[in-house]
Amino acid sequence: MNIDVDILEKLLYSVVFGLYGIVVGSFLNVLILRVPLKESITFERSHCMSCGHTLAWYDLLPLFSFVFLGGKCRYCKEHISFQYPLIEGLNGVLYIVLYLNKGITIVTILYCLCSSALLALSVIDARTREIPVGFNIFIFILGLIRLLTDLSHWSQYVIGFFAVSGFLFLLILVTKGKGMGGGDMKLMAATGLLLGWKLNILAFLLGCVLASVIHLTMMAIKKADRYMSFGPYLSAGIYIAMIWGEQLVSWYLSMWAFKSL
Ligand SMILES: [Zn+2]
């Protein structure tokens, strides 16, 4: 029997990336819960949100514990929020999609870590309307690593740092901070350093389109708040740009070259 080694290898690596994603995702749940409360992230043992019982390691296995416990606390039988397995599973999917599109490179690892930060800051921003600065510093550090591992293209990243954030800085000055928050500006500065200016501008435009389409729809249907957390939309734009950005940009540029003939 002929076994396609290529597909087997892809499948195996997808499982590995997915499992890493799920494990990191369970840490994201801790961050989402504790960062807005300014609680300690590492030193405090996890406990049930309902009865306060300290959880054992076998209660904390990402995704699997939720399934085995039937979505209930082992001690008080209270339902566990569906957010936990959702974030874990979603983070696993984000990693697998990145691997399948980008292969195994330093950039893939940096993008995986960035997309985890985006996922956590999106949930926090949607709830608290604030992006904790730690996430932006984390993405900035990922950007520095990208810059240092691709020094021949350094200007792409340095321009990326200022390209969108400079525009947002002016926007904040003009609107006196009513339209856009400083957290969004810092986010686009950090991702600019990581993605380079072309992909970062694309990410911002995609974020704006998603925000207007989705938020206007939600306002029409649910009478949603006129205030909008921009972080989740920017994050979605950044993730799409990380995966398909290069194809989209080169397609766009080729259209231009064709027209200018
Ligand atoms: Zn409990």
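Visitor: How many helices and strands does the chain have?
Guide: You're looking at a predicted model, and its chain has nine helices and zero strands. Reading from the N terminus, the elements go α-α-α-α-α-α-α-α-α.

Visitor: What radius of gyration does the chain have, and what would a compact globule have?
Guide: The chain has 20 Å. A compact globule with 261 residues would be near 18 Å, so the two agree.

Visitor: And what box do the C-alpha atoms fill?
Guide: Roughly 70 × 65 × 40 Å, taken along the principal axes.

Visitor: What share of the residues is buried?
Guide: Buried residues account for 33% of the 261 in the chain.

Visitor: What about contacts, how many join residues at least 24 apart?
Guide: Take the contacts between residues at least 6 apart in sequence: 70% of those link residues at least 24 apart.

Visitor: OK, so at what angle do helix 3 and helix 4 pack?
Guide: About 150 degrees, with the axes 10 Å apart. Helix 3 covers residues 83-102 and helix 4 covers residues 106-128. Angles over 145 degrees count as roughly antiparallel, so helix 3 is roughly antiparallel to helix 4.

Visitor: Is that crossing left-handed or right-handed?
Guide: Helix 3 passes helix 4 in a right-handed crossing.

Visitor: Which residues make the contact?
Guide: From helix 3 you have I87, L90, N91, L94, Y95, L98, Y99 and K102. Helix 4 brings V107, T108, Y111, C112, S115, S116 and L119. Sorted by class, this contact of helix 3 with helix 4 has 10 nonpolar, four polar and one charged residues.

Visitor: Now helix 5 and helix 7: are they roughly parallel or antiparallel?
Guide: Helix 5 (residues 133-148) and helix 7 (residues 182-195) pack at about 20 degrees, with their axes 7 Å apart. Angles under 35 degrees count as roughly parallel, so helix 5 is roughly parallel to helix 7. The crossing of helix 5 and helix 7 is left-handed.

Visitor: Which residues of helix 5 and helix 7 make that contact?
Guide: On helix 5, they include V133, N136, I139, F140 and L142. On helix 7, among them are G183, K186, L187 and A190.

Visitor: And by class, how many are nonpolar, polar and charged?
Guide: The contact of helix 5 with helix 7 has 10 nonpolar, four polar and two charged residues.

Conventions:
Residues numbered from 1 in each chain as written. Predicted model: local features only at pLDDT ≥ 70, side-chain atom pairs only at ≥ 80, totals over all residues. Axes fitted to C-alpha atoms, helices over the stretch in contact; angles between N-to-C directions. Helix = DSSP H or I, 4+ residues; strand = E, 2+ residues; numbered from the N terminus. Parallel < 35°, antiparallel > 145°, perpendicular 65-115°, else oblique. Left-handed = near helix turned anticlockwise from the far one by under 90°. Contact = placed C-beta atoms within 7 Å. Nonpolar A, V, L, I, M, F, W, Y, C, P; charged D, E, K, R; others polar. Rg over C-alpha atoms; globule rule 2.2 N^0.38 Å. Buried ≥ 20, exposed ≤ 12 C-beta atoms within 10 Å, placed from the backbone.
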